[in-house]
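Hi,

Here is the structure I promised to pass on.

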Amino acid sequence: MTRENELLHRIKQGDTSCWEELVSMYYEDILRYCIYHSPDMETAQDAVQETFLKVIRFFPQYRNRGKFRGFLYKVASNTCTDLWRKRKNVEISEDMEFLETGFAKLEAQVNFQYMVRNLSEELREIVYLKFAQELTLKEIAMVTELPMRTVQSRLRRALKLLKNEMEGKV
């Protein structure tokens, strides 16, 4: 049994002290995800907090099938969409710096943010979830509510576009 599954089991049994550890396991990943989908750091932090509050509030209805991480990203996605709708008049800064450790490494390696910015939203989301968040194709399908084959084909198309851009063919 993984540590995540152990914590989920203990929470189901009423041990609410496990929430802190479970949240800390995913906090940075969900924050990076919310930063990507938010116009500023404050909104991203609000989205993270709201994500975990929703997960805690609706946990009694959650059925653990070994997909908690995907479930968490789906809640974060919905939360970011809701917050974005509420604050749609705020524009995303083109020069927003992502100072989180994982993002800084990725951006330094391939200038990720710049290259991916030119992709369509549907492709950008899949590339981001795959490479910045390291979700599996199955988890991405769950988050985006797309069939796995669609996720695969969009990822292939995005990678081809990125490759062409890197080679100067665009």
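**Starting at His37**

You'll find His37 in the loop between α2 and α3. Keep in mind as you read that this is a predicted model.

Is His37 buried or exposed? It counts as buried, because its relative accessibility is 17% and the cut-off for buried is under 20%. The side chain of His37 makes a polar contact with the side chain of Glu125, at 2.8 Å. Leaving aside residues up to four places away in sequence, His37 touches Cys80, Trp84, Glu121 and Glu125.

**Aromatic pairs**

Next, the rings. A pair of aromatic rings is described by the distance of the centres and the angle of the planes. The count here comes to ten aromatic pairs. One of them is Tyr27 with Phe52, a stacked pair with 6.3 Å from centre to centre and 15 degrees between the planes. Tyr27 sits in helix α2 (residues 19–36) and Phe52 in helix α3 (residues 41–57), so this pair links distant parts of the chain, 25 residues apart. How accessible are the two partners? Tyr27 is partly exposed, with a relative accessible area of 33%, whereas Phe52 counts as buried at 8% relative accessibility.

Tyr36 and Tyr128 also form a stacked pair, with centres 4.0 Å apart and 5 degrees between the planes. Because Tyr36 lies in helix α2 and Tyr128 in helix α7 (residues 121–132), the pair ties together parts that are 92 residues apart in sequence. Both partners are buried: Tyr36 has a relative accessible area of 18%, and Tyr128 has one of 0%.

There's a cluster to look up as well: ring pairs link Trp19, Tyr26, Phe59, Tyr62, Phe68 and Phe71. One member of that cluster, Phe59, has Lys12 lying over its face, at 5.1 Å from the ring centre.

**Helix α8**

Last stop: which residues of helix α8 (residues 137–144) are buried? They are Glu139, Ile140, Ala141 and Val143. These buried residues pack against α2, α4 (68–86), α7 and α9 (148–166). Just after α8 comes Glu145, which takes a positive phi of about 60 degrees.

Cheers

Terms used: Residues numbered from 1 in each chain as written. Predicted model: local features only at pLDDT ≥ 70, side-chain atom pairs only at ≥ 80, totals over all residues. Heavy atoms only, no water. Phe/Tyr/Trp six-rings, centres within 6.5 Å; stacked < 30°, edge-to-face > 60°. Helix = DSSP H or I, 4+ residues; strand = E, 2+ residues; numbered from the N terminus. Buried < 20%, exposed > 50% of the residue type's maximum accessible area, 1.4 Å probe, protein only. Lys NZ or Arg CZ within 6 Å of the ring centre and 35° of its normal. Polar contact = N/O pair within 3.5 Å; in protein donor to acceptor, adjacent residues only side chain to side chain. Contact = heavy atoms within 4.5 Å.
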